[in-house]
Amino acid sequence: MSFDLASRLAARRADNLFRQRPLLQSPQGPEVVVDGQPLLAFCSNDYLGLANHPEVIRALQQGAQQWGVGGGASHLVIGHSQPHHELEEALAEFTGRPRALLFSTGYMANLAAVTALVGQGDSVLEDRLNHASLLDGGLLSGARFSRYLHNDADSLAKRLDKAEGNSLVVTDGVFSMDGDLADLPALCAEAKKRGAWLMVDDAHGFGPLGASGGGIVEHFGLGIDEVPVLVGTLGKAFGTAGAFVAGSEELIETLIQFARPYIYTTSQPPAVACATLKSLELLRSEGWRREHLNQLIARFRAGATQLGLELMDSPTPIQPILIGDSARAVEFSRLLRERGLLVGAIRPPTVPAGTARLRVTLSAAHSFEQVERLLAALGECQALLPSEEGNQCTA
Ligand SMILES: Cc1ncc(COP(=O)(O)O)c(C=O)c1O
């Protein structure tokens, strides 16, 4: 017996599912250099344009001067520095919850929260389109794992009726590959009726959504009673790295005591927390970033609809164009790249079979003129793309 990795990789290529890593040779921003080619990018999650902001960079540099580079140890040993603690207090205040706990990545925050809250004899109910880290957390927890239909409160209710033990309902706030919003009021109502807890991972909502960037809970006006477990990530609109869970005193203390992905890992570099404190300040105070972003979203949707492209029901900076077939999506992305634009083709297993898409993401750092360039290139490439029957499109 041996591991036949070559066949596995060959099959991946044959299915048009082989993934490659574009090599970024510049900072994040609309204009990047990738594999030696200057490109206009519409695929970053830096929704507010903070990843390369001079004040955030300065905060990181000053943080490194004062605190050094490495976290040094786990939080429970000697890795919990003053900047980590200050950031937790600022995030608690921002989310209007008693406490927040900082993690090195969103993947770990999700694994930590789910596995610390439910186990054997309990139930975890997840939207079928949840992010992989939430699904993995559910599987790892040992609780009864059930996936309800996307954003469907009735489907959730039926599963909750059969649930055992403590029940945790888990959903993305903004769905990462579709850009639509979780129907939180309806999901909360079903969870509440049955004494279940709701956990929301708002990785893509913090920053773009809510009057002060407070994400989907601010958008819907929901508090800790409706959403007792709130997760945010810091590598997207915050422009830095890491994640947090916000909630009650007991929730955070439970995570510190029992969440293995929190306990058994080195803390993030404290200078990153210094940078995030600055980006949090900008995210909250510079409302013009959200306003500009919303105008770009509206312009993109109007232009893409006019081109006859199939958009999804998304009011967020994630604006996928549904293509269907993986090979077609890859070819569309390649044609765009030939014209100097970078838009990722997202394929199964990241999205369900037959729903490959171009995941266009917009940022407050984009200009209207850049969005016009994208629309013009989309129109041009669409016309060049073989139709699904293999003919050239004429329109
Ligand atoms: C919805 C969602 N949750 C969690 C994560 C993971 O966060 P991180 O990149 O910080 O690990 C991502 C993407 O990265 C995401 O899209």
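Let me start with a term: buried means under 20% relative accessible area, exposed means over 50%, and partly exposed lies in between, using a 1.4 Å probe and protein chains only. Hold on to that, because Phe300 counts as buried, at 0% relative accessibility.

Now, what are we looking at? This is a predicted model, where local features need pLDDT of at least 70, side-chain atom pairs count only at pLDDT 80 or more, and totals for chains, interfaces and linings use all residues. Residues are numbered from 1 along each chain as its sequence is written, and side-chain values use heavy atoms, with hydrogens and water left out.

Back to Phe300. It sits in helix 13, residues 287–306. Helices here are DSSP runs of H or I with at least four residues, strands are runs of E with at least two, and both are numbered from the N terminus. Which residues does Phe300 touch, not counting residues up to four places away in sequence? Among them are Leu311, Gln319, Ile321, Val360 and Leu378. Contact means heavy atoms within 4.5 Å. Phe368 is 68 residues from Phe300 along the chain, and their C-alpha atoms are separated by 9.2 Å.

Next, the ligand. There are 13 residues around it, and Gly106, Tyr107, Asp201, His204 and Lys236 come nearest. Near means that one of a residue's heavy atoms lies within 4 Å. Helix 5, residues 106–117, gives the largest share of this shell, three residues. By class, the shell has two nonpolar, eight polar and three charged residues. For the classes, Ala, Val, Leu, Ile, Met, Phe, Trp, Tyr, Cys and Pro are nonpolar, Asp, Glu, Lys and Arg are charged, and the others, Gly among them, are polar.

Some distances. A ligand oxygen is 2.6 Å from an N or O atom in the side chain of His204. A ligand oxygen is 2.7 Å from an N or O atom in the side chain of Lys236. The protein covers 80% of the 380 Å² of accessible area that the ligand has on its own. Those areas come from the Shrake-Rupley method with a 1.4 Å probe.

UniProt positions follow the numbering used here, feature names are shortened, and annotations may be inferred rather than shown by experiment. Lys236 is in the loop between strand 8 (229–233) and strand 9 (243–247). Its contacts, leaving out residues up to four places away in sequence, include Asn45, Tyr47 and His204.

The unreviewed UniProt entry also gives a "binding site" at Arg19, His131 and Thr350. Take His131 first. It lies in the loop between strand 4 (123–127) and helix 6 (132–141). Is His131 buried or partly exposed? Partly exposed, because its relative accessible area is 32%. Beyond four places in sequence, His131 touches Asp172, Ser176 and Asp201.

Ser176 is in the loop between strand 6 (167–172) and helix 8 (184–193). Ser176 counts as buried, because its relative accessibility is 6%.

Last, Thr350. It is in the loop between strand 12 (344–346) and strand 13 (356–361). Thr350 is partly exposed, at 40% relative accessible area. Its side chain makes a polar contact with the side chain of Arg19, at 3.1 Å. A polar contact is a pair of N or O atoms within 3.5 Å; within protein, one must be able to donate a hydrogen and the other to accept it, and residues adjacent in sequence count only if both atoms are side-chain atoms.
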